[in-house]
Amino acid sequence: MKRLLNLIPSPTSKRLIIYCVSFIAVFFVGIAVDLACSGEDDPYDYYVSFFHNNVQGEHNYGSFYLSYNYVFNDEEPESEQDINAKEWAAYLGRDIKTEDVKAALYGDAKGDSAMLHDKLIGKNKLPDGLKSNSFFYAIAFGNNDSALQYYLFAKGVERVANFGYDQWNPQPVDTNKLYNSGLEALKRAKTEKDKFIKLRYLYQAERLLHYSTDFKQAMAVYDEYIADYKSDSHVKGWALALKAGEERRLGDTGKAAYLFSKVFALYPERRVQAYKNFHYCSANADKVAALAANNTERAFIYAIDGFGNMEYNIPYLQKVYQYDPHAEAVGVLLVRELNKLELKYLSPRLGNQLTYNNSYKDPEAGKTNQEAINEINELQKVCNKLSADGKYAEPALGYIASAYLSWMEGGHTADGLNYLSKVNNEKLSPKLNDQKQLVNLLLTAQKFEKLNDVNEAQLLPSLKWLDNKVAEQLKKIKSGDDNGYARGYNSSRFASSARDFYNLVLSTAYLKQKDTIKAALCILKSEKIFNPVDSSANNNLNTINTSPQFWTHYLHSPQVNQLIAWKLNPTGSSYLKFLAGSLSKIKTNELYDLLGTDYLREHNYSMATAAFKKISIKGYNKGINMYIDSLEMADPFINQLHDYPKVFLNANSKPFNRLMFAQKMLSLQGKLKSDPKNAASYYFQIATGLYNATHYGNAYYLISYEWSSYDYGRQNLYSYDNDYIKTKTAEQYYLKAYQLSTDQEFKAKCTYMAAKCRQKQITAPDGIGWSGESNGQYDKAVRNNPYFAGLKSGYSKTAFYKLAVNECSYLRDYLASAKNKK
């Protein structure tokens, strides 16, 4: 269907005007390349990038930057509408306004239809809505019969050349009408003396014959009349594009690709389209280059081929530089190679050195390191040659890129700083100067073996510079001055780089030297770049949690206490105040909630109660929880045999928030001392509270900020996982309750609950928790729970035992297996 759509013009009114006047042809026969998606994920922000892809060629080659799409979008570097309107304005005279021409040709089609109607019936006046348009006036009363007749002809073939394709009601293309209209256009062209109009008739003839699928005759029109036509009009380029399509349709894909490369080079309003058609031809670049008339054409051919390659492609960069070292495409291709190395080597290297986030890690990355390092060294040679030769428009690009490659490889900081020093006295473009500053920041951070007050002070100016660049870009996005992704790389490259620098570079440096608090501040700063929070919104009950996941998983109470102190009373060096500035973007209430939650994880219920009481939200002390839907809240002291279905509340219970849970657990701890006779009951209640606050219980939210089915039986990741995943503390408390009791029914119950806790300490295979898939080794382990033997031997006469056997399939399987062994 895509091929058929390429043959048939779009049905929209704008496209109708474009086609009916024959100023441009949007579709070529044979364009079958998928269009880039829009309104989805940013196609550039899927790997870590500190060398911005728009440092070179943004206006002319922006669509060909490295991305996961074939091209980022279909927007051409120049507008055909603007180019065509300017040509018509220049042709009609200096009093004709370009914007009037554009409005007339590409605006509402009803207006010019009304004008034509009035002119045809001889009223000799324009409708009121068109009187002020200089183009309409010139066509109607400018004594230019050639222009008017051409316009009338174009309108006459509108219905033939411009009908939409309806996949639910497809209609065949009327190739006969297209063919006859093409012959009529050619006939008019032969008698037309006005060169401007004559060329457009010729273009109409080729276009209509082309769409009639008579490619030979269409090509004959181009070869005989248009190829040597003396004109600088861009219509010649659009005709050349048709000629290229005709060559492809007639089987000469090499010639077609060559012609598309000429369209790409000379007509920026057709560059993206020509690029796609070049690749659709699937021609060998070397064979196409053999057709080229000069080295400049050869450079463009290899550049187009290079833009379509996502893999290692330095040879194409070298060929383009060899044939035309001045070509802008050289810089674009060079940056593409840098971006490929960021994707292939840098991103997994930085991710794999993280000690806290497995989602970044790539276990396959190490296999390609040496290959990538070889590519780094080879590309560095090309970069150094580019700067040393001085032929490229911005030769400093080479040394700045070499400096970045030295940083990327690691361990070559001195070399990188030396490369940067070579361009210290050169006048750089704003983008290249910004890139130099960013590379300098990376190298400066890398040269310090350990960050301390002295070298942090050296970093501070560069960090402030980066913050200012981020603020400038985000301000443009907020004001609507910068088009593109509102929160993605395309519109905010410095914001993306700052995010990754603080998260993957600076925080990692602090974690290596075990400075978790400064690492936490870096991660906070990273996450708040794109997601700022109004610090005054402290009384919003139903806010989502805005702390970074690193904070909610890895920080302990002493560290959170220090962060709260810095938020309430900023002190320390200028660097520390700068880094801690992001604390203004996180809520004080939330920090106290995190502090209290950490104390819950540490089983310090007295301090947890004190922390939660500092939360200044009305209603929190009455049971409202800050970060959980009230309908999901539960009574964590309900004991049940099964984890599923969960019992959240019963007739005599109430939902608990974290404060209430801390108070209850503190009360139970106190009763262990004040009422030792009933200690067994209190231990059991504490154990039940601990169990329900795990992944498997009814109140996970008491110690965790998130729940995932993938957490079922996984290995430990966080400091509190012995409780949250492995239920070890709950098991200990059930055993204490068991030891202090003489009641057989109660002891049986304690044993069974300890068995449930021990089961959770068996690491489950991936998928067990959510898919129900079976696994022989895991199934065997859970059926041989060590507590089952004691339950059978000591409590088989109890009512609880009979209930447990009836309810627990694992216990039944154990008993059956034990019986078979006898």
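A: Ser 282 sits in the loop between helix H15 (271-280) and helix H16 (285-289) (helices are DSSP runs of H or I, at least four residues, strands runs of E, at least two, numbered from the N terminus). The model is predicted, with local features needing pLDDT of at least 70 and side-chain atom pairs pLDDT 80 or more, while totals for chains, interfaces and linings use all residues. Residues are numbered from 1 along each chain as its sequence is written, and side-chain values use heavy atoms, without hydrogens or water.

Phi of Ser 282 is near 55°, positive although the residue is not glycine. With 63% relative accessibility, Ser 282 is exposed (over 50%; buried is under 20%, partly exposed in between, 1.4 Å probe, protein chains only). Thr 727 also has a positive phi, near 50°, in a residue other than glycine. Thr 727 lies in the loop between helix H34 (721-724) and helix H35 (728-739), but is buried, at 1% relative accessible area.

Another backbone feature is the cis peptide bond between Tyr 644 and Pro 645, with omega about -10°. Pro 645 belongs to the loop between helix H31 (605-612) and helix H32 (658-674).

The largest has 15 lining residues, with Ile 638, Gln 640, Tyr 691, Asn 692 and Lys 756 nearest its centre. H33 gives the largest share of that lining, three residues.

How values were computed:
On a 1 Å grid over the protein atoms alone, a cavity is a set of points where a 1.4 Å probe fits but cannot get out, and a pocket is an open set with protein on both sides within 12 Å along at least five of seven lines; lining residues have an atom within 4 Å of a point.
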